[in-house]
Amino acid sequence: MTKTLRIERELSLNEDWDVIVVGGGPAGCTAAAAAAREGMRTLLVEATGALGGMGTSGLVPAWCPFSDKEKIIYRGMAETVFRESKAGTAHVHPADLDWVPIDPEHLKRVYDDLVLGHGAQVLFQTTLAGVEARDGQVDAILLNNKSGLTAYRAPVYIDTTGDADLAAWAGAEFEIADGGLPESLMPATHCFILSNVDDYAYTHGARLHGSNPDSPIFKILASGKYPLIPDGHICNNSIGPGTVGFNAGHLFAVDSTDPVGLSRALVQGRRLAASFRAALAEYVPAAFGNAFLAATGTLMGIRESRRIIGDYILTLEDYLARRTFPDEICRNSYFIDVHNKTKEAGASAEALQDFEKRSTHYGPGDSHGIPYRCLTPRGLRNVLVAGRSISCEQAVQGSVRVMPVCLAMGEAAGIAAAQAADSPHPDVHAVDPGALRARLKEVGAYIL
């Protein structure tokens, strides 16, 4: 039986803010910057020591496509972040829009400038420790940092934690794959960086990506020498001189809402990164013979966890129909990227090619809308959710979870939060979609 300990204490209460954003990944950064730009006193709470989430602390080495194969569709603040990020990668062609490499240190400063430049404030090394809610209203949140446990209150909160922690702890309904069984979740990936790579050999040698049937990764797997490497997933990008970032390998059955399992996966991920370095040094010696494992992510690359139940659930049918909505707040064109949940499913070139065939890709110019109602948790009046935890079916989450669309959703959430906070009785469900969309168009968003 689990023991309990009841603690009663008085906490200092901070009521200095109009909007509080919890989670400083891409969606959180644009949400905080947008709310502050609208004149709201805005606080952004981030658990790590840097903004940017997976593109910085997580070491994801490249942006998912910013275009619909014809034009940029993630505009407004999303495009600003993208272009400023590209300015830190001199080896990238100025016209490139898709799979553009990321310099994570440069991108940290881009996010700092975005958020602070619009007037929001940031609390780093600060975690969400609890939520006080009643009758569909969040009254206060509890934060933990070097000041201990403190309470913060604002008219409106934006949950960009990636796991919908704030919304779930406040009592919002949510879904998680197959009732939360870890085996039913998409696998995680612990990204890493190799330095001292021979650039010429890397760029002129065999393409490592698993979609290449002649990739050295399949010789590595067939050798049996590196059992920690589970499959042919090995996305990689040159992120600087002699430096290659890897989104490679899978860690299966990782539930990011389980701290014990997540801790175990981080240890496993570091060992997997070292195994990749050794394998590449042996099988691709011209490029990686002298490579050095420079870093592993301080964040685990989680693809899937909680999805809130909002006023609307985005469906696979919506995606396939390229649907437009009267309250849409952004467009998305990324493919249905649902990773295999067992290592056997990706251990051969044929398996990887089968994955590519099963993934639903759009044609040039195609995209679908994301309704504002996917950001409004059913039953909570003063909380918005943006990022990978929005209200959608599991298959669609495989598309809307990536950074470009998260940036676009975050800006919309920030504007909506400002409009709600500016009303006498803040209610995110009562935000006028017409006014929200009008403001989004004014600041350069791409919506139909």
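**Sheets, spaces and a charged pair**

Guide: Four strands, in the order β1-β7-β6-β5, form an open sheet with mixed pairing. Strands here are DSSP runs of E with at least two residues, helices are runs of H or I with at least four, and both are numbered from the N terminus. The model is predicted, so local features need pLDDT of at least 70 and side-chain atom pairs pLDDT 80 or more, while totals for chains, interfaces and linings use all residues. Residues are numbered from 1 along each chain as its sequence is written, and side-chain values use heavy atoms, with hydrogens and water left out.

Visitor: Why do β1 and β5 count as edges of the sheet?

Guide: β1 (13–14) and β5 each have a single partner strand, so one side of each lacks a neighbour in the sheet.

Visitor: Which strands make up the open sheet of five, and in what order?

Guide: The order is β4-β3-β2-β8-β17, and the pairing is parallel. β4 (121–123) and β17 (383–385) are at the edges with a single partner strand each, so one side of each has no neighbour in the sheet. From one strand to the next, the twist averages 20°; axes are lines fitted to C-alpha atoms, for helices over the stretch in contact, and angles run from 0 to 180 degrees between N-to-C directions.

Visitor: How many bridges join β2 to β8?

Guide: Four bridges link β2 (residues 19–22) with β8 (residues 156–159), and the two run parallel. Ile20 is placed opposite Tyr157 in β8.

Visitor: Which strands of the sheet does helix α1 touch?

Guide: Helix α1 (residues 26–37) packs on the sheet and touches β2, β3 (42–45) and β8, where contact means heavy atoms within 4.5 Å. The direction of α1 makes about 170° with that of β3. α13 also packs on the sheet, touching β2, β8 and β17, and its direction makes about 165° with that of β8.

Visitor: Why is the meeting of Arg37 and Glu411 called a salt bridge?

Guide: The term requires a side-chain nitrogen of Lys or Arg within 4 Å of a carboxyl oxygen of Asp or Glu. For Arg37 and Glu411 the N to O value is 3.0 Å, so the pair qualifies. Arg37 is in helix α1 and Glu411 in helix α13, 374 residues apart. The whole structure holds 23 salt bridges.

Visitor: What makes a space a cavity rather than a pocket?

Guide: On a 1 Å grid over the protein atoms alone, a cavity is a set of points where a 1.4 Å probe fits but cannot get out; a pocket is an open set with protein on both sides within 12 Å along at least five of seven lines. Lining residues have an atom within 4 Å of a point. Grid points are joined across faces, edges and corners, and a volume is the space filled by probe spheres set on the points. The search finds one cavity of 30 Å³ or more. The largest cavity has about 70 Å³, and its lining includes Arg75, Cys330 and Glu411. β15 gives the most to this lining, with three residues.

Notes:
Two strands pair if DSSP finds at least two bridges between them.
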